[in-house]
Amino acid sequence: LDLQPYSFVDNVGFNRLLEYLKPQYSLPAPSYFSRTAIPGMYDNVKQIIMSHLKEAESGVIHFTSGIWMSNQTREYLTLTAHWVSFESSARPRCDDHHCSALLDVSQVDCDYIGNSIQKQLECWWEAWVTSTGLQVGITVTDNPSIGKTLSEGEHSSVQCFSHTVNLIVSEAIKSQRMVQNLLSLARKICERVHRSPKAKEKLA
C-alpha cells in the first residue's frame with residue numbers, strides 16, 4: 001500500500017520487528033512476492049473485474065484515458081472502464097448503476113508517438129473487452145495525442161467536458177486584467193497568512 005519495493009522484506013529492521021512479534025514466522029524471499037503473491041493477487045482481481053464487465057448493459061464498455069506525469073517526470077498512459085449495470089451480483093440494488101474500474105497503467109516514453117498509444121490501447125481492449133465478446137464504446141480523454149490517435153482509427157472519442165470548461169475559464173481569467181490583479185492580491189494574502197502564526201491565529 002505504501003509502494004515499498006520487494007527488497008523491503010530483506011530489511012534488517014523489518015526482520016527484527018517480525019522476529020520480535022512472531023518468532024516462529026519465516027518471511028518469504030522477495031522473489032516469492034514478485035513472482036507468486038502479487039501476480040496471484042492481480043489475477044484474482046482481474047477475474048473479478050472481468051466478471052463485472054460481463055454484466056454491462058448491451059455489452060458495451062466506455063472508457064476514459066489520459067497521460068499523467070509522476071514526480072520523477074515519468075509519463076504513464078492509463079485506461080479506466082465505465083459501464084452501466086442494472087443487475088449486478090457485486091452489490092445490492094441502488095439508484096447509482098454506474099460502475100468503473102481502472103484497468104491498466106503503462107509507462108510511455110516522453111517522446112511518445114500516436115502509433116505506440118494506439119497499440120497499447122488496442123492491446124488492453126483485446127485483453128479486457130473484445131476477447132470476452134464485449135464491445136468498445138466511446139473513449140473520453142483530455143489528451144490531444146490520444147484524441148487524435150483514436151479519431152484516426154476505428155474508435156470513437158470525445159474531449160473531456162470538464163477539461164474543456166477548465167481551459168475556457170482559464171483563458172477568460174487571463175484576458176481580464178482586473179481578475180488577474182485580484183488573484184495576485186489574494187495569493188499575497190494567502191502567502192502572508194501561511195507564513196505568519198499571528199495572522200493564522202487572527203483568522204482562526
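Mentor: Buried residues make up 25% of the 204 residues in the protein chain. The model is predicted, so local features need pLDDT of at least 70 and side-chain atom pairs count only at pLDDT 80 or more, while totals for chains, interfaces and linings use all residues. Residues are numbered from 1 along each chain as its sequence is written, and side-chain values use heavy atoms, with hydrogens and water left out.

Trainee: Why is F63 called buried?

Mentor: Buried means under 20% relative accessible area, exposed means over 50%, and partly exposed lies in between (1.4 Å probe, protein chains only). F63 has a relative accessible area of 1%, so F63 is buried. W125 is likewise buried, at 1%.

Trainee: What makes F8 count as partly exposed?

Mentor: Its relative accessibility is 31%, and therefore F8 counts as partly exposed. F14, at 21%, also counts as partly exposed.

Trainee: Why is the pair of F63 and W125 called tilted?

Mentor: Rings of Phe, Tyr and Trp (its six-membered ring) pair if their centres lie within 6.5 Å; planes under 30 degrees apart count as stacked, over 60 as edge-to-face and the rest as tilted. For F63 and W125 the centres are 5.9 Å apart and the planes stand at 55°, so the pair is tilted.

Trainee: What makes this pair tie together parts that are apart in sequence?

Mentor: F63 lies in strand β1 (residues 60-69) and W125 in helix α3 (residues 114-128), so the pair ties together parts that are 62 residues apart in sequence. Helices (H or I, at least four residues) and strands (E, at least two) are DSSP runs, numbered from the N terminus.

Trainee: How do you know that the charged end of K46 sits over the ring of W128?

Mentor: The rule asks that NZ of Lys or CZ of Arg be within 6 Å of the ring centre and within 35 degrees of the ring normal. The charged end of K46 is 5.2 Å from the centre of the W128 ring, and is counted as sitting over it.

Trainee: Which residues touch the most other members of the largest nonpolar core?

Mentor: A nonpolar core is a set of buried Ala, Val, Leu, Ile, Met, Phe, Trp, Tyr and Cys residues joined through side-chain atoms within 4.5 Å. Among the 24 residues of the largest one, I61 and L121 touch the most other members. Its largest share, 5 residues, comes from α3.
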